[in-house]
Amino acid sequence: MTPDHHSQNDILFARAQHSTPGGVNSPVRAFRSVGGTPRFITRAEGPYFWDADGKRYIDYIGSWGPAIVGHAHPQVVKAVQDAAARGLSFGAPTEGEIEIAEELCRLVPSLEQVRLVSSGTEATMSALRLARGATGRDKIVKFEGCYHGHADSLLVKAGSGLLTFGNPTSAGVPEDFVKHTLVLDYNNVPQLEDAFASMGDSIACVIVEAVAGNMNLIRATPEFLQRMRELCTEYGAVLIFDEVMSGFRVGLGGAQELYGIVPDLTALGKVIGGGLPVAAFGGRADLMEKMAPVGPVYQAGTLSGNPVAVAAGMTTLKLVQEPGFYDRLAAQTNKLADGLTAAAQEAGIPFCADAVGGMFGMYFSSHVPASYGQMMAGDKARFNSFFHGMLEEGVYFAPAMFEAGFVSAAHDDAVIAETVEAARRVFARLV
Ligand code: PMP
């Protein structure tokens, strides 16, 4: 931009801040972690989106997961248009809701019944309530660095000592609301065993991202999840897999299929709405039957199972079942991870990357992290320079070191190659 030509993004950002806190409707969009001006998006297609200046970016956030078949896929757009023409919302049941529920139960190993909601936050919040309602217990276990939406009892960080209860991470969350939430280290089996040994009889549930995507990308070890399953079964606690991000992203059956572990309840979102607000929670029928109207655990939603959103989700779920979809997606994501790693190596920059299905992590450190603490030790300043360098090159990665990245079926070889070439130039400048 020349000094007399202001970026439309700057103008919009300044304007947005008058009417909306921080100018954004979800905090990470504000670029607080990386600095600079967020890009205001005007349209998207396939692997690309365009900002208010008309600049094109290769998009590696895909709306933070949903855009797995690429943006504005013609079949998804058509399904949405057709559904919209029949009416936007009825507040009464539709056959489309049965179809998507049946499809989810068919595709995700542990689902016997599901309830549709409109956001991942609602899905996890409702699953927690169900776990507490079904067990009659209050305590919940979560892991540091896993994000499960912004329900009060989940906005918690670890307490001062191991096995002490957590502290709120947000103003406005009373201590009393989080005093039942125990925050443990991810992938720490002995600590989990200690927690169950000392208070297993009062733990309602354990909630976990089996492939974590909210502390960059971190894989759970198989032993961690296996032991978690055993302990939950032994003590009668409900095991909740939060697959809002990993569901239909790491593979067709989610992380639970990948690890061969059957949780009691699962939260889903993102991909199952194909870019419109659909999320779900579900699992064992004997638990789900505790939900209103058949059971005592209350939960509801004006727009739950919205027909337009369900049409987008259902069409997306059909598209990801095309033969070879996840093999191709994983291959492209691996090509990106390998290409970025090679480009960093050429420049002599400590860097590594990991990929699971269509999700990837980039780490400015010499080892792939296994916990929140290890991930936080990465070189944030270097990530931020890399992020802005890539943005200038027309490649949009998540605007924070703590986020995973997403590849879509529209990221073909040419798109990946263009990304890696850009990274080569940016890494060279970072030295
Ligand atoms: N769980 C996980 C694992 C997530 O990644 C997210 C959102 N990034 C949520 C829950 C919350 O979903 P939503 O933003 O739709 O409320």
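Me: Which residue is the bridge partner of Asp59 in strand 17?
Reply: The bridge partner of Asp59 in strand 17 is Tyr396, where strands are DSSP runs of E with at least two residues, helices are runs of H or I with at least four, and both are numbered from the N terminus. This is a predicted model, in which local features need pLDDT of at least 70 and side-chain atom pairs count only at pLDDT 80 or more, while totals for chains, interfaces and linings use all residues. Residues are numbered from 1 along each chain as its sequence is written.

Me: In what sense do strand 3 and strand 17 pair?
Reply: Strand 3 (residues 56-59) and strand 17 pair in the parallel sense, over two bridges; two strands count as paired if DSSP finds at least two bridges between them.

Me: And what is the strand order in that open sheet of four?
Reply: The order is 1-2-3-17, with mixed pairing, and the edge strands, each pairing on one side only, are strand 1 (41-45) and strand 17 (395-396).

Me: Switching topic, what domains does the chain have?
Reply: The assignment gives domain 1 (8-60 + 323-430) and domain 2 (74-319), with bounds that come from an automatic or database domain assignment. Their centres, taken over C-alpha atoms, are separated by 26 Å.

Me: How many residues of each are in contact?
Reply: 18 residues of domain 1 are in contact with 16 residues of domain 2, contact being C-beta atoms, placed from the backbone, within 7 Å. On the side of domain 1 that touches domain 2, strand 16 gives the largest share, four residues, and that side divides into twelve nonpolar, four polar and two charged residues. Here Ala, Val, Leu, Ile, Met, Phe, Trp, Tyr, Cys and Pro count as nonpolar, Asp, Glu, Lys and Arg as charged, and the others, Gly among them, as polar.

Me: Last one, what is Val206 in contact with?
Reply: Leaving aside neighbours within four places in sequence, Val206 is in contact with Val141, Met228, Cys232, Ala237, Leu239 and Ile240.

Definitions and conventions:
Contact = placed C-beta atoms within 7 Å.
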